[in-house]
Amino acid sequence: MKLKSLVLAMPLAFSSAAFAQVVDLEITNLTHGMHFTPIFINAHSAGTHVFEAGATASSAVQAMAEGGSIADLVSGAAAGSMTSENPAAGLLAPSVSADVMNFDTGSNTHLSLTAMLLPTNDGFVGLNAWEIPQTAGTYTVYLNAYDAGTEANDEIIVGMSGGPSGNAGIPAAPGGDAGTGATGVTSSETNAMVHIHRGNVGDTDSNGGISDVDSRIHRWLNPVAKLVVTVK
Amino acid sequence: MNNIKWNHALAFVTMASVLSACGSGSSNSGGDTDAPTPANYEITLTNVTSNQPLSPVAVLMHSQSYRLWSVGSPASVALETLAEGGANADVLALDDVSKQAMASGAGAIMPGAYETLLVTLDNPTTATYLSVSTMLVNTNDAFTGVTGLSIADLSMGESATVSLGVYDAGTEVNSELVNTIPGQMGEGFNAERTDTNVVSRHPGVVGSDDGHSASVLDSRHKFDNPAAILTVTRVN
């Protein structure tokens, strides 16, 4: 409350300056059949990027996108940034929401968010440096699915060995609704930069075929998540 | 809500000054006795899909508390009926204190076509929210629309345009088999719930050209977001 009245008292000319904000976040997995791994949320200054389309994924983003681990994103977060990790306390199932209450963004002005999409090889839901509004209110942002560009989308589920960076294959299909025995969709990637994910191909053969993911369940259309930000 | 209230109050002030200029001598200081002026809205829905006719559209105007669906919650039977078979009567029959007005499309809206409905709101002084829903008929249980769109701030002549994404009612598994797709003469509504039983965004049509050989659908039935464009215009 004290901070809010401070903001209100400031002349408009200073409205783009950095003021501490406390926000509530609600993130909803909009997909029909994709799980999100633990979510990494970071409030940071202008000019900082957790990831950027058209740029190489950092090793921390690669670890998140290929294996769902956000430990390196948390430990490597920009100095002065504020982090909220794993608000769903694990996986965020399809159509389920997770909340972050009273997230203190400090003096940071921009918000980023990432979580791996399962089952994919290196797909993740991302929000890249969204400017946090200064005015109190409720804001809705829709998030797209990205491909980290670090692993071939073979769509073969190999178990936990598929998680560590550089290892081929998908670590898991948490819905228990995927197949086995796939020969692989592709063994190479053209775009090694972060880019919009082209989607899972999948197939309808649970005991073979080219893909272990189910084309009727594990596809998606953007957006894959909804983020509601309440600026207090 | 505030905007319309304000407009209404302004209209009253104008009328009062006209009366006094005519020297009618009767002064009405209350202002709470004049009947509300109906507001008319033009609702235009354009089908921007490749080959997904949209079932007769259901339009509801209602107060803030009502939502026709919510991602993560089970679809109502009325919405299931619309999403699986394209019948909008149950959605429109919503018997709820929150309902303020409704309208039904005259028929299916074919790909590339649009329909404009005129909806009259008898009492626009209350907060008004819009819900629109229609089935993509070459699917198991896909629908597009919007729920809880605030239109109370629209003043005369103003319009709002929204791109509509596609939802999955979660009530029927997306088998794409011939006997399950109403647009292919298959079954419409079936009360049995064979999928996730919660509303989500739709993952899209797979189709026989994309590896699902048993599907009655093909590449022409694929869609992306948005599937429809909605324009709401307050015309008086």
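**Note on a predicted two-chain model**

1. In chain B an open sheet of four strands has the order 4-1-10-7, and its pairing is antiparallel; strands here (E, at least two residues) and helices (H or I, at least four residues) are DSSP runs numbered from the N terminus, and two strands pair if DSSP finds at least two bridges between them. Strand 4 (114-121) and strand 7 (159-164) of chain B stand at the edges with a single partner strand each, so one side of each has no neighbour in the sheet. The twist averages 15° from one strand to the next, where axes are lines fitted to C-alpha atoms (for helices over the stretch in contact) and angles run from 0 to 180 degrees between N-to-C directions. Strand 1 (residues 39-47) and strand 4 of chain B run antiparallel and are joined by eight bridges, and T46(B) has Y114(B) of strand 4 as its bridge partner.

2. On conventions, this is a predicted model, in which local features need pLDDT of at least 70 and side-chain atom pairs count only at pLDDT 80 or more, while totals for chains, interfaces and linings use all residues. Residues are numbered from 1 along each chain as its sequence is written, and chains are lettered from A and ligands numbered from 1 in the order in which they are written.

3. Chain B as a whole has three helices and ten strands. Of its 236 residues, 41% are buried, a residue being buried if 20 or more other C-beta atoms lie within 10 Å of its own, exposed if 12 or fewer, and partly exposed in between, with C-beta atoms placed from the backbone. Among the contacts in chain B with a separation of 6 or more, 75% are between residues 24 or more positions apart; a contact requires C-beta atoms, placed from the backbone, within 7 Å.

4. Helix 2 (residues 77-85) of chain B has L79(B), E80(B), T81(B), L82(B), A83(B) and E84(B) as its buried residues, and their cover includes strand 2 (58-62), helix 3 (89-92), strand 5 and strand 6 of chain B. Just after this helix, G86(B) takes a positive phi of about 85°. G86(B) is also one of the contacts of V137(B), which include Q52(B), P53(B), S55(B), P182(B) and G183(B) when neighbours within four places in sequence are left aside. V137(B) itself lies in the loop between strand 5 (129-135) and strand 6 (142-150) of chain B, and is buried, with 20 other C-beta atoms within 10 Å.

5. In chain A, helix 2 (residues 59-67) is largely enclosed by the rest of the structure, because eight of its nine residues are buried. Those buried residues pack against strand 3 (40-44), helix 3 (71-75), strand 6 and strand 7 (123-131) of chain A. G68(A), which follows the helix, has a positive phi near 80°.

6. Which residues have the most contacts inside the largest nonpolar core? They are I39(A), M64(A), L117(A), F124(A), V125(A), V224(A) and L136(B), in a core of 101 residues; such a core is a set of buried Ala, Val, Leu, Ile, Met, Phe, Trp, Tyr and Cys residues joined through C-beta atoms within 7 Å. Strand 6 (residues 110-118) of chain A gives the largest share of this core, six residues. Leaving aside neighbours within four places in sequence, F124(A) is in contact with residues including M64(A), A65(A), L117(A) and Y146(A).

Key
Two residues are in contact if their C-beta atoms, placed from the backbone, lie within 7 Å.
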